[in-house]
Each structure stands twice: as structure tokens, then as C-alpha cells.
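This note is written for a colleague who is meeting the structure for the first time. Please read the numbered points with the sequence and the model side by side.

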Amino acid sequence: VSGGSPKMTLYQYKTCPFCSKVRAFLDFYGLPYEIVEVNPVMRQEIKWSSYRKVPILMVDAELQLNDSSVIISSLRTLMISKEKSLSDIIRCYPEMKAVNDRGKEVTEYNNKYWLMLSEAQNADWADDWLVHLISPNVYRTTGEALASFDYIVREGKFGIVEGFFAKYVGAAAMFIISKRLKNRHNLQDDVRQDLYKAVNDWVAAIGKNRKFMGGDQPNLADLAVFGVLRVMEGLQAFDDMMENTKVKHWYRRMEKATLNHEGRS
């Protein structure tokens with residue numbers, strides 16, 4: 001991509017943690033982008049794409065980037081290695097089709113957590129563990145499930161009828177599914193304790209002498225973890241996390257860094 005900043009359009013669900021990861025990255029580095037909110041039921045906004053999940057990032061209306069980690073890794077590589085084109089970089093993240101342990105065909109991408117440089121910033125913990133704690137926590141009780149879907153419907157792109165069914169049928173379904181997820185990932189009966197431990201482990205790994213995992217400035221791991229945690233804002237799980245863990249100061253620093261586009265410099 002040449003001639004200044006490319007025109008970027010992010011197809012997303014606002015409440016999706018993977019989409020939030022991409023927004024955190026784009027905001028921190030001050031990269032301008034437009035948002036297309038996708039209806040999660042009909043998904044007409046991405047009917048042109050054979051890849052049916054979000055996020056999708058379209059660059060200059062012709063290059064399609066799929067998968068949050070591929071989007072982040074490829075764009076960061078482009079920012080550092082300016083002699084490479086984005087088309088060349090994206091070839092380093094080849095698509096693979098596979099069948100998962102539940103017999104469903106899935107699309108995966110090689111190298112997606114790695115920058116195509118001599119040194120990599122690995123941000124896979126957010127995807128491999130932290131993101132799996134979100135649903136069991138935000139749908140922990142029937143009341144929390146209803147509050148979560150009220151937020152999803154309010155922030156998402158739903159029609160009136162779709163919104164009604166999404167709130168009540170979706171909340172009931174996700175309450176049940178969250179229990180299965182708790183068992184699949186071997187979480188404790190009180191899933192809050194797993195969330196608390198995860199974020200406290202994160203803060204402990206940063207240590208007392210650094211502002212961020214990246215030191216004085218956030219790195220890709222900081223942005224990924226912040227993006228995942230941010231989708232709980234306004235929900236009981238988020239309030240409990242902020243009150244019962246040591247993550248608050250790091251989180252507020254990340255909030256400020258993305259809001260002020262501090263990575264632009």
C-alpha cells in the first residue's frame with residue numbers, strides 16, 4: 001500500500017472480543033478506519049465474502065484481511081517493514097482448512113501471531129485462554145445473560161423483532177452454552193475466580209517496574225488483552241473484575257493510550 005494511509009473498512013460486531021482487539025490496535029496506532037456493523041443473524045453486510053466470520057478488514061476496497069490476529073500481525077509488519085507491500089505480507093499467513101474435534105470444518109491461518117520480522121511479539125495468550133473466560137462470566141447467571149444480551153442488542157445491528165428474540169432466546173441459549181464452555185475449558189464452579197486469576201497473572205507478568213507488557217508503550221499483547229477485556233465494560237463481570245483484581249491501573253493506562261492514539265508517534 002502506497003500513497004499514505006490506506007482506506008480501511010472494518011466489518012464487525014461491536015461486542016465481539018476479536019473485533020475489539022482489532023479496534024484497539026487501529027486506535028492505538030491512529031490508523032483511520034470506517035466501521036460496518038454486521039447483523040449477526042442475516043449477515044447481509046458480508047454476503048459478498050466466502051469467509052463468513054468477523055472481523056474482516058478491507059484495505060483500499062480490494063484486499064481482504066480475515067482473522068483478528070492476521071489483521072493485527074500483517075498491519076504491524078507493514079508499519080515496520082515499509083519496503084514490503086501488504087499483498088506480499090499477507091502471503092506469509094496462508095489459509096488452511098481443517099476439521100475440528102467436533103467434526104466442523106474451520107479455517108485457520110499459519111503464523112497468525114507472528115510479525116514477519118526477525119523479532120516477533122506473541123499475543124496468543126489472549127486468544128488461547130483469556131477469550132474463553134468471557135462467555136462463562138458474562139452469561140454466568142440468567143440475570144447476567146439478560147443484561148449481556150440487552151447490551152448486545154443495544155450496541156449491535158438488530159431489527160425490532162430480531163432484537164426481541166435475540167435478547168430472550170439468545171440469553172437463554174448462551175446461559176446454557178456458557179455452562180458447556182465452563183466444562184470444556186475446565187473452569188472452576190465460580191468462573192469469576194478463573195477470570196480474577198487470569199488478569200492477576202497478567203498484571204504479575206508485567207511486574208511493578210513496567211507500565212505495560214511492552215515497557216513504556218503497549219505492545220501487541222497489551223492491545224490484544226485490552227481488546228478482549230473491553231467487551232465486558234458495562235456488565236457485572238467487568239465491575240467485579242475491576243474491584244477484585246489488580247488490573248485497574250493497567251487497564252486505565254491502556255484506555256488512555258488507545259483513546260489518545262499514543263502509538264502514532
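1. The side chains of D190 and R140 form a salt bridge with an N to O distance of 3.9 Å; a salt bridge here is a side-chain nitrogen of Lys or Arg within 4 Å of a carboxyl oxygen of Asp or Glu. D190 sits in the loop between α7 (160-184) and α8 (191-206), whereas R140 sits in the loop between α5 (134-138) and α6 (142-155), so that distant parts of the chain, 50 residues apart, are linked. Helices (H or I, at least four residues) and strands (E, at least two) are DSSP runs, numbered from the N terminus.

2. The model is predicted: local features require pLDDT of at least 70 and side-chain atom pairs pLDDT 80 or more, while totals for chains, interfaces and linings use all residues. Residues are numbered from 1 along each chain as its sequence is written, and side-chain values use heavy atoms, with hydrogens and water left out.

3. How exposed are the two partners? D190 counts as partly exposed at 33% relative accessibility, and R140 is partly exposed with a relative accessible area of 27%. The classes are buried (under 20% relative accessible area), exposed (over 50%) and partly exposed in between, with a 1.4 Å probe and protein chains only.

4. E262 and K256 also meet through their side chains in a salt bridge, at 3.2 Å from N to O. E262 is partly exposed, with a relative accessible area of 22%, and K256 is likewise partly exposed at 49%.

5. A search of the whole structure finds 17 salt bridges. One of them joins the side chains of D127 and K21 at 2.9 Å, N to O. Because D127 lies in helix α4 and K21 in helix α1 (residues 17-28), this pair ties together parts that are 106 residues apart in sequence. D127 is buried, with a relative accessible area of 7%, and K21 is buried at 2%.

6. The surroundings of D127 deserve a separate look. Helix α4, which holds D127, covers residues 124-128. Beyond neighbours within four places in sequence, D127 is in contact (heavy atoms within 4.5 Å) with F18, K21, S68, S69, Y113 and H132. The C-alpha atoms of D127 and A224 are separated by 8.2 Å, although these residues are 97 apart along the chain.

7. Which residues touch the most other members of the largest nonpolar core? Of its 78 residues, these are F25, L65, L75, L229, M232, M241 and W250. Helix α9 (residues 220-230) supplies the largest share of this core, eight residues. Such a core is a set of buried Ala, Val, Leu, Ile, Met, Phe, Trp, Tyr and Cys residues joined through side-chain atoms within 4.5 Å. Neighbours within four places in sequence aside, W250 contacts W202, I206, K211, F212, D222, V225, F226 and L229.

8. Strands β5 (residues 95-99) and β6 (residues 105-109) pair in the antiparallel sense over five bridges; pairing requires that DSSP finds at least two bridges between two strands. E95 has Y109 in β6 as its bridge partner. Five residues lie between the strands of this hairpin, in which G103 takes a positive phi near 80 degrees.

9. An unreviewed UniProt entry lists residues 6-83 as "domain: GST N-terminal". UniProt positions follow the numbering used here, feature names are shortened, and annotations may be inferred rather than shown by experiment. The span 6-83 is 32% helix and 22% strand, and its end C-alpha atoms lie 15 Å apart.
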